[in-house]
Amino acid sequence: MNISLNWLKEYAPVDLDAEEISRILTNTGIEVSGLRKHESIKGGLQGLVIGEVRACVAHPDSDHLHVTTVDIGEETPLQIVCGAPNVAAGQKVVVATIGTTLYRGDEAFTIRRSKIRGIESHGMICAEDEIGTGTAHDGILVLPANVVPGTKFSEYHKVYQDTIIEVEITPNRADAASHLGVARDLVAFLQQTGEIQLALPNTEAFRVDRDDTPFSVRIERPEACRRYAGLCLEGISVKPSPAWLQHRLSAIGLHPINNVVDVTNYILFGLGQPLHAFDLKKIKGNSVIVKSVAPGTKFTTLDGVERELHANDLMICNEEEPMCIAGIFGGRESGISPETTSIFIESACFDPVFIRKSARRLGLNTDASFRYERGTDPNIVLRALQLAALMIREVAGGEVTSRVFDLYPEPVADTAIQVNLARVDRLIGKKIERERVLRILRALEISVEERSGEDLLVRVPPYRVDVRREADVIEEILRVYGYNNVEIPGKLNASLNFSEKPDDFQLKNKISDLLAANGFHEVINNSLTKSTYFEGIDSFRPEETVMLCNPLSSDLNALRQSLLFGGLENIAYNINRKNVNLKLFEFGKAYSFRENAPDENPLHHYREENRLALFITGNKTPVAWNAPESKSDFFFLKAYCEMILQRLGLSTDHLTSEAAAGDLFREGIRYCLGDKPIVTLGIVNKIPLERVDVRQEVFFAEFAWENILQRLAKHAVTFVPMPRFPSVKRDLALLLDKEVTFKEVRDIAFATTRSLLKSVTLFDVYEGEKLGAGKKSYAVSFTLLDEGQTLTDKQIDKVMEKLIHAYTRQLNAEIR
């Protein structure tokens, strides 16, 4: 937000420069992000001087140029070649001397000594569009005869100059979204060291000229409109605003429109109170009604867009039709035009929730809605209205022809908060003198109603919508006292920390470090996504998607059921930028809705689950002269999943597995612990890839992190000493049916001889015509170990015979 230094000093009469004010504001919590100079004319007319044309003769080599001699108050007059048709001797003109920079829009050019058709020219006699004082270019600017040659043109024309303070307003500080709000903080800080008072605009001159306009105002939805005030003015003239008002608005980045609209904008950015002006003759029935209209009603706003209204959209209506979306945007039919001669001015305080929901539904974000959504001051409504009437009478003429309508059904009371001074010291970390605390509270317009020892009962004005608890009051005290005034203590206090096992944060960091060390990049995606991603995929049920009631857009209208599509969007983004070899991971949450909840608590319809997702696509390693291209595959992903499980103290040997192929995976596997899934991994199917426009294979795994944590809570780490006796390896080549999986081979092995068998690994798979149709060959390695003695050949042979017999009988295997 832009704050004008000149404007700010009207509310906070201080003799401080912009740098010092910026330092104070930043220290009190209103961060200043930058300072910049503002001039009503770019360049400030620097280098321009008033001159007198002493002589003017025709150029010997041109039929339209003139050679002039111009006195600019120096010893030697300047010779300037000029092409303007109206140049003549005796004129007082504006001269751009050599080295002067002139601006035309964003373009700039510098005046240099030059030769024009053989005659030297030492400057330029300017037209008004060349120096920014007007738009005419039919001739040079001729000044009154009484001006003195040599006078700086910037002193003659009086360029408006200002310093703009760019401030960053946090969402909770709606009160600071105006010059008055910023001035309040500045004055509160300065009152700690001197006598200074906030200067509010004086409205004592306001009066009703005559009350003869038949008009009425009523509120039909008081829960949405806390206060509504207005009045009528007649006999006004809509025209451009005076220069001072245009300069004020232009300085903060607003485009002046006309005197009436400019006054409402001036008060909006000055006091933080939105106003709206209606053409009085367009208010049918001479009535303003604050209400909602029938759902589906069509309404055309000032920008010419027809919008469909909701039953809870608060509208400002006349007797026949809506005229304005309350607190958000005006209507095209009731707006101010050059022909307007009478107006009704509205000053109101609307409920923030109603305004916020309507603004989101309609996709509108205006300066008025920005403030109403966060909460405005109901107590400044009347002062802002009176000030508007005074200013409009000043810049547009007219008279106040109605009484002041002020409907305030339930006045908003100050917020009462109990504050304990000992807790103030404890939270701030320093004991502050009690009188200093009370002085700060008074400076913040927080009144102390009662005091009993160390306990205070304070009342916070309604415009401070962010101060609702004792901690908020203490933060206000600290802001004004100064964060930098709280010294760093000489001793460090520490307390022992106990965290429940397993420590979720620690485990996530451990796995993140592991994956990063193996070449993965972490991604963080928005939990909001497209609901259409989950439609038509059986693995996701559309009815379980958590939909947003007021989405910002159709692309962000639901909470994700899986981390899959966020990662696929990352992959698509990278592939489009020629980064095709990717290994990504994400820790995030997935959401779902259940129609049948276990009890009546509505929150129990929703599930929020922590997940870990892995994504692999492209080559395993970059192509190099000494390394052939090797595409990523399912087993590449599976190895990383097993590595994660092993790092967590789990093993696929203790998990059951099942196929996970379907519309989500072309091929996949799901590991479970009992009936709880632990990780699902596979090759992503065509349908999800097409929805994000990815045309290369993607391998995806998703861990049910919460199920893993539940398992780890019961997981005990035990110490096993190194074996004292050697292990023995034996290999078998099994000719099997193609349908037989390695899992079956391993499970049979452990079921046959668990005491001596330590591991089963597959080290080769062969398929070929020589084996016969529907056959394949597995080369399997078995590791045997006896913890108590060295194995004998007899024991080893006996185990292998049992295995061969089991495979022959159960899998119809042949030993090759």
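Five strands form an open sheet in the order E14-E17-E20-E21-E22, with mixed pairing. Strands here are DSSP runs of E with at least two residues, helices are runs of H or I with at least four, and both are numbered from the N terminus; two strands pair if DSSP finds at least two bridges between them. At the edges of the sheet lie E14 and strand E22 (329-330), each of which pairs on one side only. The model is predicted, so local features need pLDDT of at least 70 and side-chain atom pairs count only at pLDDT 80 or more, while totals for chains, interfaces and linings use all residues. Residues are numbered from 1 along each chain as its sequence is written, and side-chain values use heavy atoms, with hydrogens and water left out.

Within this sheet, strand E20 (residues 314-317) and strand E21 (residues 322-325) run antiparallel and are joined by three bridges. Ile316 has Cys324 in E21 as its bridge partner.

Strand E26 (residues 415-420) runs antiparallel to strand E28 (residues 455-460), and six bridges join them. Thr415 stands opposite Val460 of E28. E28 also pairs with strand E27 (residues 447-452), again in the antiparallel sense, over five bridges. Here Ser452 has Asp455 in E28 as its bridge partner. Two residues lie between the strands of the E27 and E28 hairpin, where Gly453 takes a positive phi near 65°.

The aromatic side chains come next. Rings of Phe, Tyr and Trp (its six-membered ring) pair if their centres lie within 6.5 Å; planes under 30 degrees apart count as stacked, over 60 as edge-to-face and the rest as tilted. The count by this rule is 20 aromatic pairs. Trp7 and Tyr266 are stacked because their ring centres are 4.6 Å apart and their planes are at 15°. This pair links distant parts of the chain, 259 residues apart: Trp7 is in helix H1 (residues 5-11) and Tyr266 in helix H7 (residues 259-271). Trp7 and Tyr266 are both buried (under 20% relative accessible area, with a 1.4 Å probe and protein chains only).

Phe215 and Phe344 are also stacked, at 4.9 Å centre to centre with 25° between the planes. Phe215 lies in the loop between helix H5 (179-190) and strand E14 (216-219), and Phe344, 129 residues apart from it, in strand E23 (residues 342-350). Both Phe215 and Phe344 are buried. Together with Phe278 and Phe405 they form one aromatic cluster.

Note on methods: Buried means under 20% relative accessible area, exposed over 50%, partly exposed in between (1.4 Å probe, protein chains only).
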